[in-house]
Amino acid sequence: MRRGFATVAGRTRTVPQTLIEKVVQNYSVGLPTGKAVKAGDYVMIHPEHVMTHDNTGPVISKFRSIGATRVLVPSQPVFTLDHDVQNKSKKNLEKYASIEAFARQHGVDFYPAGRGIGHQILIEEGYAFPYTLTVASDSHSNMYGGVGCVGTPIVRTDAAALWATGKTWWQVPRMVKVELKGKLAPGVTGKDVIVALCGSFNNDEVLNAAIEFTGEGVAALSVDDRLTISNMTTEWGALVGLFPVDDTTLDWYDQAVLKLEQRTFSSPGSFVIPPPPEHPRINRRRVDNLRESVLSSDINAEYSSHLVFDLSTLIPHVSGPNSVKVSTPLPILEESKLAIQKAYLVSCTNSRASDIAAAASVMRGNKVAPGVEFYIAAASSAVQMEAELAGHWDILINAGAKPLPAGCGPCIGLGTGLLKEGETGISATNRNYKGRMGDPKAKAYLASPMVVAASAVKGYICGPASLDKDALPPIQNPSFSLSDVSTSNAATHVQSQEQILPGFPTKFSGALLFAPQDNLNTDGIYPGKYTYQDDITLERQAQIVMENYDPGFAELVASYFRKIPSETEGTVKSGVVLVAGYNFGTGSSREQAATALKAAGIPLVIAGSFGDIFKRNAINNGLVCLECPELVQDLTELFAKDGKRGAGGKSGEMTVDQGLNLEVDMSNGKVLMSRSGGLDVAKTYTIKTVGPSVQELWICGGLEGYVLRQIKAAT
């Protein structure tokens, strides 16, 4: 595979774009001539790389089930075994062996258990590289944004499709600008930045958004700080967290190249020992090209929101307990001397060489407190080697830290050292959800490596002795401002005429059913008790759809089809149209939440917004999802109890049926709401519809059908 930008023939840019939109443009395929990629667009992408980890096994099964026999672009996938590396059971070792065998068979780059956490490997080995688009079947692929790479998560079906065709679809998220001003005080870190952001803006302000970090404050952040911040934009709710490529980034890559050049005993001018071969992805030629091809957002690029954060007003923060949406200034928490039983310096978030060095500076000359267990695991074997050579690893071990292999381990509740019932732990990881790191009745806090190490020494949550409190800003909320940009390019942006592919409906039409509920999760749509009953038919799925939300929903939908069957007449697709509130489909990744709705005869769901994984599963299975906040608001005011979502309709019904009909024109985004059987239009709305990439998936019956068609076309 060529190491560079994907291109779009005949493209001319007349529309201002953000940096993220420009990168996605370069990796989009099949765009109409002159099309400029913007937020909200559905595009077919050909990412530079796609990473899978322990979930490679299920992806292999999916790959084979769709009829694929070869990986189209062997240099595109990367396999990294990192999650359950402490598990030496025969079953797990056989799984790992089968993944390695598949990699060897297809010529895929493979990194075995012990090499490190996949996200760190992708940074170290240059798979995630500035101005490229790299995806992973893991939610923390946002981390690649720390080096100027657009990283975003995908689901397993997408990964299988990428192996087979090199492509998958993506809806470009809304853009949010986070402007950083000032400079962090001594002892304040990138971890404190993102912990404070998650805790201060905890009402889904950046949910499913693509964040661009800008401002003069960026220059003072190290690459490791940026990686930490980008990593945890996932917890903040975003799908991308991108930093600009600046002198700090380029200097970091210069040092990376130098390390690679010095990895043998060769020396400049030596004729005895030749220099090592050029690294295929991190090399001077590629870094020099970066300097010559700087990309940045256009001056008039559009953002849905603009957040300004003054770094100089921030003091160390601690997240928790058991929620990233709760953050507390360290001095306040320190006063309570909250005892801990476990401390963790592990994960892709904060276990790089600089993090280990920071912890070692605190632990030098100290011991882990009695009654405390302090676990450490490097983000990769390369990181551990660097820490060992610097002496930092031995400082931690001699202080009483317990080493674990490079991998995810306790961060995801696997292996040694998990929190037990009633225990409290402090960790440098990214998630402290209830039960994630052990028993659900334990408490987990998140903090920087220095705070974790200091807490391990003292036995309670506290800062290091070296922290100069007089040099810190006052204990108060850090200085933030947030504004919605009126010229937003969010989903409500004016809809341009959309090309309709042959075979895709020009219109969707049908009875309107309204579920006045925000955060209607996948368990409400498709009960968990049915999820692993693999023999359930689509007909049965239709009978139990929405059972946990409204037991009468399936029968209500079915009653419409006893009157008028669901069918496509000419270019119009008829059926029931479901309208719901915000964040529809949040929760688990179960595909049945989408397939059950479609099986019931619902070809289209309209909501204020969608859970991203649900939307991916829906579109992968041929269920169209559109956003129309104005329609949701009007239906809420007209028919929801007390004019608010969350308590059903005015008569207490969970699904509102008022005899309304909805017609959606997919070419121009016009939505007509009228009384069923009548021609009187109650109101007209304009929404952003779907582009050719999603239309093609629908025509093929979903992503699996698309992959099959691509395979047949190639043979």
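Biologist: Which residues of strand E7 (residues 150-153) lie on one side and which on the other, and are they buried or exposed?
Modeller: Val150 and Thr152 lie on one side of E7, Gly151 and Pro153 on the other, and all are buried. Buried means under 20% relative accessible area, exposed over 50%, and partly exposed in between, with a 1.4 Å probe and protein chains only. Strands (E, at least two residues) and helices (H or I, at least four) are DSSP runs, numbered from the N terminus. This is a predicted model, in which local features need pLDDT of at least 70 and side-chain atom pairs count only at pLDDT 80 or more, while totals for chains, interfaces and linings use all residues. Residues are numbered from 1 along each chain as its sequence is written, and side-chain values use heavy atoms, with hydrogens and water left out.

Biologist: Which strand is joined to E7, and by how many bridges?
Modeller: Strand E6 (residues 133-136) is joined to E7 by four bridges, and the two run parallel. Two strands count as paired if DSSP finds at least two bridges between them. Leu133 stands opposite Val150 in E7.

Biologist: What is the strand order of the five-stranded open sheet?
Modeller: The order is E5-E4-E3-E6-E7, with parallel pairing. Strand E5 (109-111) and E7 are the edge strands, each pairing on one side only. From one strand to the next, the twist averages 20 degrees. Within this sheet, strand E4 (residues 77-80) pairs with E5 over three bridges in the parallel sense, and Thr80 stands opposite Tyr111 in E5.

Biologist: Which open sheet has antiparallel pairing?
Modeller: Three strands form an open sheet with antiparallel pairing, in the order E1-E2-E8. Its edge strands, each pairing on one side only, are strand E1 (28-29) and strand E8 (168-171). E1 pairs with strand E2 (residues 42-45) over two bridges, and Val29 stands opposite Met44 in E2.

Biologist: Turning to strand E15 (residues 342-345), which way do its residues point?
Modeller: Lys342 and Tyr344 point one way, Ala343 and Leu345 the other, and all are buried. In a regular strand the side chains alternate between the two faces of the sheet.

Biologist: Which strands pair with E15?
Modeller: E15 pairs in the parallel sense with strand E18 (residues 424-427) over three bridges, and with strand E16 (residues 373-376) over four.

Biologist: What unit do E15, helix H11 and E16 make?
Modeller: Together with helix H11 (residues 353-363), E15 and E16 make a right-handed β-α-β unit. Right-handed here means that, with the strands pointing away from the viewer, the path from the first strand over the helix to the second runs clockwise.

Biologist: What is the phi of Ser347, and where is the residue?
Modeller: Ser347 has a positive phi of about 100 degrees, although it is not a glycine. Ser347 sits in the loop between E15 and H11. It counts as buried because its relative accessibility is 2%.

Biologist: And Lys337, is it buried or exposed?
Modeller: Lys337 counts as exposed, since its relative accessibility is 54%. Its phi is also positive, at about 45 degrees, although Lys337 is not a glycine. Lys337 lies in the loop between helix H10 (330-335) and E15.

Biologist: Which peptide bond is cis?
Modeller: The bond from Gly320 to Pro321 is cis, with omega near 10 degrees. Pro321 is found in the loop between strand E13 (317-319) and strand E14 (327-329).

Biologist: Changing topic, at what angle do helices H18 and H19 pack?
Modeller: Helix H18 (residues 592-599) and helix H19 (residues 612-620) pack at about 50 degrees, with their axes 8 Å apart. The contact is made by Ala593, Ala594 and Leu597 of H18 and by Phe614, Asn617 and Ala618 of H19. Contact means heavy atoms within 4.5 Å. Axes are lines fitted to C-alpha atoms, for helices over the stretch in contact, and angles run from 0 to 180 degrees between N-to-C directions.

Biologist: Finally, which residues does Gly190 touch?
Modeller: Not counting residues up to four places away in sequence, Gly190 touches Leu184, Asp225, Thr228 and Ile229. Gly190 and Ile229 are 39 residues apart in sequence and 5.9 Å apart in space, C-alpha to C-alpha. Gly190 lies in helix H6 (residues 190-200) and is buried, with a relative accessible area of 0%.
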